[in-house]
Amino acid sequence: MNVDFWFDPICPWAWITSRWILEVAPMRHLTVRWHVMSLSVLNEGRDLSAEYRERMAIARGPVRVLIAAQQRHGDDVLLPLYTALGMRFHLEHAPIERATVEAALADCGLAADLAEAMASTDYDTLLQASHEDGIQRVGLEVGTPIISVNGASFFGPVVTPMPKGEAAARLWDGVVLVTGTDGFFELKRTRDRRPEFAGQ
């Protein structure tokens with residue numbers, strides 16, 4: 001089963017969902033293709049709090065680096081670089097800054113000069129195209145992650161803590177079942193906890 005997964009590395013919810021997909025992949029024989037999207041692009045022109053606006057101002061840096069690395073090394077670089085960035089941002093609570101990105105690049109054996117893309121607009125057209133490829137499948141009323149499978153695309157699932165083992169596989173089966181139903185749009189309830197990363 002081919003699965004396409006769009007992510008922004010700064011999103012903690014996308015991080016949890018990505019680790020869930022990796023847990024499920026061998027149990028359900030998934031081939032996952034990774035794609036970059038951008039919360040900064042998504043939130044352009046929206047009325048944001050000052051704190052979130054500041055976060056969005058720095059959020060474009062890491063996604064630009066992912067696109068630059070993809071252009072230099074191909075699609076296979078996206079997952080390891082996403083993993084290296086996500087470990088630092090979400091598990092180590094490292095700041096979204098050049099030093100953090102350079103450390104993630106070093107983890108993947110990638111050249112530190114790729115971090116120069118953080119402050120460059122050179123890759124923004126490619127970033128926009130990757131972002132739009134995901135968003136056009138689900139509409140603007142969503143965030144990250146976006147998953148596309150068997151012709152059905154959806155935002156989420158948003159879940160914490162990440163289910164593991166057979167519980168993770170059962171959640172996948174249920175998500176595929178409901179999102180494969182023609183005309184199905186939404187299941188939702190208010191989040192009452194922060195993202196939990198224990199055991200990742």
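Biologist: How many aromatic pairs does the count come to?
Modeller: The count comes to 6 aromatic pairs, where Phe, Tyr and Trp rings (six-membered ring for Trp) pair if their centres lie within 6.5 Å. Bear in mind that this is a predicted model, where local features need pLDDT of at least 70, side-chain atom pairs count only at pLDDT 80 or more, and totals for chains, interfaces and linings use all residues. Residues are numbered from 1 along each chain as its sequence is written, and side-chain values use heavy atoms, with hydrogens and water left out.
Biologist: Why is the pair F7 and Y82 stacked?
Modeller: Their ring centres are 3.8 Å apart and the planes sit at 10 degrees, so the pair is stacked. Planes under 30 degrees apart count as stacked, over 60 as edge-to-face and the rest as tilted.
Biologist: And where do F7 and Y82 lie?
Modeller: F7 is in strand β1 (residues 2–7) and Y82 in helix α4 (residues 78–91), so the pair ties together parts 75 residues apart in sequence. Helices (H or I, at least four residues) and strands (E, at least two) are DSSP runs, numbered from the N terminus.
Biologist: F7 and Y82, buried or exposed?
Modeller: F7 and Y82 are both buried, meaning under 20% relative accessible area, with exposed over 50% and partly exposed in between (1.4 Å probe, protein chains only).
Biologist: What about W20 and W172?
Modeller: That aromatic pair is tilted, at 5.8 Å centre to centre with 55 degrees between the planes. W20 belongs to helix α1 (residues 12–28) and W172 to helix α7 (residues 165–179), 152 residues apart. The relative accessible area is 0% for W20 and 2% for W172.
Biologist: Which residues form one aromatic cluster?
Modeller: F5, F7, W15, W34 and Y82 do. The charged end of R19 sits over the ring of W15, 4.0 Å from its centre, and also over the ring of Y82, at 5.4 Å. Sitting over a ring means NZ of Lys or CZ of Arg within 6 Å of the ring centre and within 35 degrees of the ring normal.
Biologist: Switching topic, how many bridges join β1 to β2?
Modeller: 6 bridges join β1 to strand β2 (residues 31–36), and the two run parallel; strands pair if DSSP finds at least two bridges between them. D4, for one, has R33 in β2 as its bridge partner.
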